[in-house]
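Reader: Could you walk me through this structure? I am new to it and will ask as we go.

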Amino acid sequence: MQGAANHYGWEPQLQNPDEKAPGLMSHMPSIYVEDDRRIDPSELGEGFYSSVAFTDKMLEYLRGKDAEKPFFAYLPYSAPHWPLQAPREYIDDYRGVYDEGPEVLRQKRLRKLEELGLIPAGTAPHDVVVVGNRMMSRFWHDLTPEERRFSSRCMEVYAAMVQCMDTQIGRVLDQLRQSGDMENTLVIFMSDNGAEGALLEALPVVQNNIFEHIDQYYDNSIENLGAYNSFIWYGPHWASAATAPSRLYKMFTSEGGIRVPLILNYPPLTAGKAGIDHTFGTVMDIAPTLLELAGIKHPAPSYRSRPVYPMRGSSWLPYLKGEQTQIHDEDHVTSWELFGRQAVRQGDWKALHIPKPVGPGKWQLYKLSEDPGETKDLGELFPDKLAALIAEWKKYEKDVGVVGAMQYGVLGVDDQDVIQQW
């Protein structure tokens, strides 16, 4: 029911009945629910693992559905969210793969992205941005051999989680093929945000005793990492390898936080069109697309005598059918905000505001078609364009009721030096 939990459904039994887990960990118990019933951990079974169990349940639904009726299925895995945990057989596939460290991985991936056409040749990646001095925030060359082993093993577990999830998705697609549904089913796979680069010790809600709690109740020895009773995350350096060439990662409105992979397959419209598409779209477009495919009109401006806001997204169908060259035209404006980080995009232009200490604390301007890494601030060269985008942001701010959220220090700061800004 929460955004993250132990993937094996396990929780340590606290020794003192008056003891409480650190703030964030107390808000993420291993709760699994079906319909309106909470499932007791004893019912999960000895071999329970979230990605496999969710897939088993989805296959149960698909095999039991009425073959003559349309269906909608939503399968939101909690992997690869921390705590990083995966079945041993998947972890073993990656033993030693990341021993050269996150920067070597980052450079390899940048070269591969260019080779695949996912980014333009010669794209300048944004520098890795890190605050703090705990192990996961320090650069590779500053780590001891033992710390490097720990860090690379965390990345091995992360990769194993992704591979396991990929295998489970394959099981779902196989079922659609076997039932004859694949040729008439729209399949969308996507991530919810950029890679998780936060250092948990830097989140104010975690509280300062998180390491004492983990040391007491979990086994984070090298050989046990990824097991049911380990609790690890991988930090900003590995996240920056995942989001490169983009700037930053989850919780930021820079491209590293909001640009995510999406794979779409719908044979009536995509057959013979396999390839990479750089057209701008947003998660807000998915609902209008599904409604149009289903022949359903959104009820705005009212539903059952109550006012209903219209959806902000646009259906992808005209674009997929070749009736439009873009999903959104060059004048379309999209705005975002999160934890006091703000952004607004129109066509290839994007204005971005990231508060200090991670950003400069002012609006910056980028042309994403030429600079996807957001490395060259063009604000001084094109002040009118920047001003126009900021004006669009003000409209959005008023329209949706942005009131100035508190920004938490979500990067790697010392426990005693938590960043809180307004």
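Predicted model: local features only at pLDDT ≥ 70, side-chain atom pairs only at ≥ 80, totals over all residues.

Reader: Okay, how many salt bridges does the structure hold?

Author: The structure holds 23 salt bridges, a salt bridge being a side-chain nitrogen of Lys or Arg within 4 Å of a carboxyl oxygen of Asp or Glu.

Reader: And why would side chains pair like that?

Author: Side chains of opposite charge can pair when their charged atoms come close.

Reader: Which residue does D181 meet in a salt bridge?

Author: The side chain of D181 meets that of K65, at 3.0 Å from N to O. This pair links distant parts of the chain, 116 residues apart, with D181 in the loop between α5 (145–178) and β3 (187–190) and K65 in the loop between α2 (50–64) and α3 (88–91). Helices (H or I, at least four residues) and strands (E, at least two) are DSSP runs, numbered from the N terminus.

Reader: Is D181 buried or exposed?

Author: D181 counts as buried, because its relative accessibility is 16%, whereas K65 is partly exposed, with a relative accessible area of 22%. Here buried means under 20% relative accessible area, exposed means over 50%, and partly exposed is in between (1.4 Å probe, protein chains only).

Reader: Where do D399 and R312 lie?

Author: D399 lies in helix α12 (residues 383–400) and R312 in the loop between β6 (306–307) and α11 (317–320), so the pair ties together parts that are 87 residues apart in sequence. Their side chains meet in a salt bridge of 2.6 Å, N to O. D399 counts as exposed at 54% relative accessibility, and R312 is partly exposed at 44%.

Reader: What about D174 and R177, where are they?

Author: D174 and R177 both lie in helix α5, three residues apart, which is about one turn of the helix, and their side chains meet in a salt bridge of 3.0 Å, N to O.

Reader: Which residues are linked in a network of salt bridges?

Author: The network links D92, R95, E146, R149, R153, E156 and E223.

Reader: Changing topic, in what order do the four strands of the open sheet come?

Author: The order is β7-β8-β9-β10, and the pairing is antiparallel; two strands pair if DSSP finds at least two bridges between them. The edge strands, β7 (333–338) and β10 (363–367), each pair on one side only.

Reader: How many bridges pair β7 and β8?

Author: Six bridges pair β7 with β8 (residues 341–346) in the antiparallel sense, and the bridge partner of S335 in β8 is V344.

Reader: Last one: T270, which residues is it in contact with?

Author: Leaving aside its neighbours within four places in sequence, T270 is in contact with L264 and N265, where contact means heavy atoms within 4.5 Å. T270 lies in helix α9 and counts as buried, at 15% relative accessibility.

Notes: Residues numbered from 1 in each chain as written. Heavy atoms only, no water.
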